[in-house]
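Here are some notes to read alongside the model. Take the points one at a time, and keep the picture open as you go.

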Amino acid sequence: MKAPSFAYSKPSSLEEALELLERPGATILAGGQSLIPSLNMRLSSPELLVDINGLPGFSKIEVLSSGVRIGCLVTHAQIEKSAEVSKHASLLAQAAPHIAHPAIRNRGTLGGSLALADPAAEYPACAVALDATLFIAGKKGERRVKAGAFFKGLFETDLRPGEILAAAEFPPADKAVFVELARRHGDYAIIGLAGIRVASQKRFVFLGAGAAPVFAKNASKAKSLAEAKAALGEDLDPPPDLYHSSATKLHLGRVLLERAWNTL
Amino acid sequence: MEHAVDTTLTVNGSPVRRSIPARQHLVDFLREELGLTGSHIGCEHGVCGACTVRVNGDIVRGCLMLAVQANGCKVDTIEGLSDSGELKALQKAFHEKNALQCGFCTPGMLMAAQDLVLQNRRCSREEIRKHISGNYCRCTGYQAIVDAIEQVLNGQS
């Protein structure tokens, strides 16, 4: 199908973008790899698309002492190929190749993926695992939210109308592993796992296992793999999808946990 | 607010200037406005890859980018790459290996394959399959397509 009619504006400054977002029916267009399909299928009908691709300074990858700060317009392909990300935020570098296909990774952005908060998306789980800080720009200035508080539910975040997710900062981990299971390469994951270790503390966060990223609290505290696998039953109650029951997903979650455990 | 936007872009090396409706995606613009019907429209929601084109050197889904977003960009389509001879080796290999039947997916498949060829490295069949995983072919079962790409990448016949 064809997208419904809408107006389009491409602001060249953040101030201008925030101004435009106050108009009724205004929606942010970043990489467009989720928004444009939904327009083509007429699942959404904005009155105005505010294309933020012209905003200066939103496409940077910076290595800071507190972690790697990645601008919202950095694409999946840039994350996949970045030597800095690979060295300082290897969890993201491992996750990026799982996102769709090369042609989509060339356009899709970090900010778009985090702001959309698809329960099967890779970056939200990575952000929660690394305890990332999200920088949100609004008319009243910038505010910061921890990833754990940002993701509120199915496609639901802490972003308020008129705000733009400007960047995310990912603290370092001693070790990181990203694994997921999909029916075919590039498909949405049946279930996935972002795992990290900082000193002796492990953190396991699952995607595709609930409405938002699920932090496996009990499995993360476990001292042995057997204990962690048993504890996962208390952490996860994954909703079934068209092909996989909740029990299957939990089983596959344990498979991923074992793979991750042996790597961390 | 404008529903049609003055847009200037370069398509297959030629400058193009048009007032484009904001809602029109890039591949519709190429096909309907410029008559470049080599880029096909399959699913129109980013799944099939038949509309794959190159924007500023990177392959993208032509249906997942608004034509107005190509303002200032260099767009290359199957017609441009075919005319310039860039795809010669892949076209020959696709022919020799019978890597197409109906041909609907072929332009997108060639664009995606050429993206891998430009990386100038040897690839396993698994890597080739990963790279074209976003391009659907409903005829061939992919075997012959992978054969053809492998021949060009690794010089195997």
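1. Let's start with chain A, which has 12 helices and 14 strands. Helices here are DSSP runs of H or I with at least four residues, strands are runs of E with at least two, and both are numbered from the N terminus.

2. Before going on, a word on what you are looking at: this is a predicted model, in which local features need pLDDT of at least 70 and side-chain atom pairs count only at pLDDT 80 or more, while totals for chains, interfaces and linings use all residues. Residues are numbered from 1 along each chain as its sequence is written, and chains are lettered from A and ligands numbered from 1 in the order in which they are written.

3. How confident is the predictor? The model scores ipTM 0.95 and pTM 0.96. Chain B averages a pLDDT of 96, and 97% of its residues score at least 70; pLDDT is the predictor's confidence in each residue, from 0 to 100.

4. Back to chain A and its overall form. Its C-alpha atoms fill a box of roughly 55 × 45 × 30 Å along the principal axes. A compact globule of 264 residues would have a radius of gyration near 18 Å, and chain A agrees because its value is 18 Å. That radius is taken over C-alpha atoms, and the globule rule is 2.2 Å times the number of residues to the power 0.38.

5. Of the 264 residues of chain A, 51% count as buried. A residue is buried if 20 or more other C-beta atoms, placed from the backbone, lie within 10 Å of its own, exposed if 12 or fewer do, and partly exposed in between. Among contacts in chain A with a separation of 6 or more, 59% are between residues 24 or more positions apart. Two residues are in contact if their C-beta atoms, placed from the backbone, lie within 7 Å.

6. Now turn to chain B, which has six helices and five strands. Along the sequence they follow the pattern β-β-α-β-β-β-α-α-α-α-α. The C-alpha trace of chain B spans about 55 × 25 × 25 Å along its principal axes, and 48% of its 157 residues are buried.

7. Find helix H1 (residues 26-33) of chain B, where B:Leu26, B:Val27, B:Asp28, B:Phe29 and B:Leu30 are buried. Their cover includes strand E2 (14-21) and strand E3 (52-55) of chain B. Just after H1(B), B:Gly35 takes a positive phi of about 70°.

8. Which residues of H6(B) are buried? They are B:Ile145, B:Val146, B:Asp147, B:Ala148, B:Ile149, B:Glu150, B:Val152 and B:Leu153. These buried residues pack against helix H3 (88-96), H4 and H5 of chain B. Just after H6(B), B:Gly155 takes a positive phi of about 65°.

9. Finally, look at where the chains meet: the contact takes 27 residues from chain B and 28 residues from chain A. On the side of chain B that touches chain A, the elements giving two or more residues are strand E4 (58-61), helix H4 (106-117) and helix H5 (125-131) of chain B. E4(B) gives the most, with four residues. By class, that side of chain B has 10 nonpolar, 10 polar and seven charged residues. Here Ala, Val, Leu, Ile, Met, Phe, Trp, Tyr, Cys and Pro count as nonpolar, Asp, Glu, Lys and Arg as charged, and the others, Gly among them, as polar.
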